[in-house]
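Thanks, everyone; I would like to talk through two interfaces today. Please have the sequence and the model open as we go.

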Amino acid sequence: MVTRVARKVAGLVATLLATSFVIFGAAYAAPGDPVTFLAGGKENLTPEYLAAIRAQYHLDDPFLVQYLRWLGDAVTGDLGRSLKYNDQVGDLLTARVPTTLGLVAYAAVLFVVFGVALGVLAAVRGGRTDAAVVAGTTFATSVPPFVAATALISLFGVQLGWFPVGGGGSLWHLTLPAITLALGALAIISRVTRQAMVEQRELDHVTVARASGLSERLIVVRHVFRGALGPIVTMCGLVTAGLLAGTVTVESAFQLSGVGTLLVGAINTHDFPVTQAVLLLMVTAYIAVTTLVELVQPLIDPRARSRS
Amino acid sequence: MLLEIRNLTIEAGGNRPILRDVALSVARGEVVGLVGESGSGKSTIARAVLRLLPQNAAARGQVLVEGQDVLSLDDGGLRSLRAATVSMIYQDPRSSLNPVRRIGDFLTERMVHTLGRGRKEARGRALELLAAVGMRDPELRMRQYPHELSGGMLQRVVIAAALAADPALLLADEATSALDVTTQAETLALLRGVQAERELGMLFITHDLHLAAAYCDRIYVLYAGTVVESRPASALFADPRHPYTAGLLACTPELGDPRPIKPIPGRPPSLDDAFAGCPFAPRCAHAVAACASSPPPSVAVEGGSAACHLIKEEAPAC
Ligand SMILES: Nc1ncnc2c1ncn2[C@@H]1O[C@H](COP(=O)(O)OP(=O)(O)OP(=O)(O)O)[C@@H](O)[C@H]1O
Ligand SMILES: [Mg+2]
């Protein structure tokens, strides 16, 4: 167990290093000389000024040196200074990460609860219920988030006045955005749940349990759902990890100042320290979630324990 | 009669029924063999006793357990029959256990959730049963998962689970076919032991006619979903009346037996093959014209019955 975790962590560090290299490289290779943006406009382009900026940001150093300097700073917690806000990138992130994390966590709770419940319902009832769940969740997923956001805002925010229409700060504020975000994941989670349950239901040991007189409810809970848990947890984890990097549309539709809007703003204004930091953060979060899912698997399936 | 099956016909698509007009009975304390080639419908009969029918199957006839017709029981009655009266030991022990749950859960689940025993009591009983079926270190086994046990050990676990409910009828569906000979012998002795001790009725399913003849009191030979011969084991072994039974016996070589091995020609029929007459006629060396055109009636022979046109012709002579 300990060696397995250690090996896992080593793998993670390697992955993160590789990603950070790609992220930094992409920003370096992006079109346009950062100096132009740093200087703040064409009229400021006096040679002395340019040289001063290049020196300040070490832009004349070789690529590798620049990368290593950036990496070293990042590891020690110094992500640089935003070109646009003239703030520490770290501070910007701390201000915005809670909103995005809260949004994703809220959405995850919603799609796990409703997606799994709908999937179980579809598997157990079959027939029309199954068809209705497929149709409903497919529709919910195919509605683009900004349309769903608009619809939710006008119905629950404006018409009924149940929820605030924008801004963050409380669970209350996050409800409509979280619903919008969760809608997109509902179909896949309910499908995976249904499929896994149907597969499990066909297995011999379920028939054996039924033949021992167990009630249908207990069979579903203790055997079918229990057996289907592996794929369900994996899929929920993967979807959550994906959401971490996919909150932009929802954040801007609901005027939430989260990491997604920060990233878009940073890209538009060539604020590359922020861009790099946000991308690195998203990749880290993605890897963290998927690793967690992987580490949980042996708890769900004892066969995975002895295999590794 | 503990188990009495009357005119059981099960259809599930296909050109012929999976079972046709099967009649079979098991008395308390009796070991009854059910023999046939793969696909002849042995498992289907055993599963029908628990009303585990194939999907989209239509069943006609009666399956009486202690006088109650299983096929027309309500849900509650069916659950209590499955929980307390009839237990089945399955063909493949590895796939009969939930791979993600402990052996202990498998053993106690039925006692706790269907028979309403307390957890502690069920645990104690499970330990007792594991010891009774010859498992060493029952405490450890209870905590293990199926993949940590060998096939023979799993078979013992499955037998222990079948005995947990103190059933009156045991259905052993090829309970020993997947085991090596020594484990097989141990398991057979074990089954016979508990059967005699508790006076269980047992339906012993196997494709090995020699084993059945040695192990059972009476034997039913099944071919393509019909019972072709049913007689006491010794009589059937000494003097098989149906050509199929004789053919099965001739398939296995015996030490000191000068006769050559004679496999039955042809293959067992699938569900796509329909028969107007005797299902065995296409493979039968003695077939006459009547065999292909009309189904043979069941004729009383020494100790039981056999379904063959040829026997009917012989009958007045004996
Ligand atoms: N669920 C099902 N749906 C349709 N047909 C089935 C189903 N289960 C079994 N059958 C068919 O019923 C026939 C009898 O099957 P059964 O499992 O009873 O045979 P068996 O005698 O137990 O064979 P084996 O020795 O291989 O276990 C086979 O032809 C099989 O294809
Ligand atoms: Mg079978």
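Between domain 1 and domain 2 of chain A about 1300 Å² is buried, 80% of it from carbon and sulfur atoms, where buried area is the accessible area (1.4 Å probe) that two parts lose on being put together, summed over both. This is a predicted model, in which local features need pLDDT of at least 70 and side-chain atom pairs count only at pLDDT 80 or more, while totals for chains, interfaces and linings use all residues. Residues are numbered from 1 along each chain as its sequence is written, chains are lettered from A and ligands numbered from 1 in the order in which they are written, and side-chain values use heavy atoms, with hydrogens and water left out.

The domain assignment, automatic or from a database, places domain 1 of chain A at 1–78 and domain 2 at 91–304. In contact terms (heavy atoms within 4.5 Å), 13 residues of domain 1 of chain A meet twelve of domain 2. One salt bridge is found across this interface, a salt bridge being a side-chain nitrogen of Lys or Arg within 4 Å of a carboxyl oxygen of Asp or Glu; Lys8(A) and Glu294(A) form a salt bridge at 2.6 Å, N to O.

Turning to the chains, chain B and chain A bury about 2000 Å² between them, with 59% on carbon and sulfur atoms, and the contact draws 21 residues from chain B and 20 residues from chain A. Here too the count is one salt bridge, and Arg222(A) pairs with Glu109(B) in a salt bridge at 2.9 Å, N to O.
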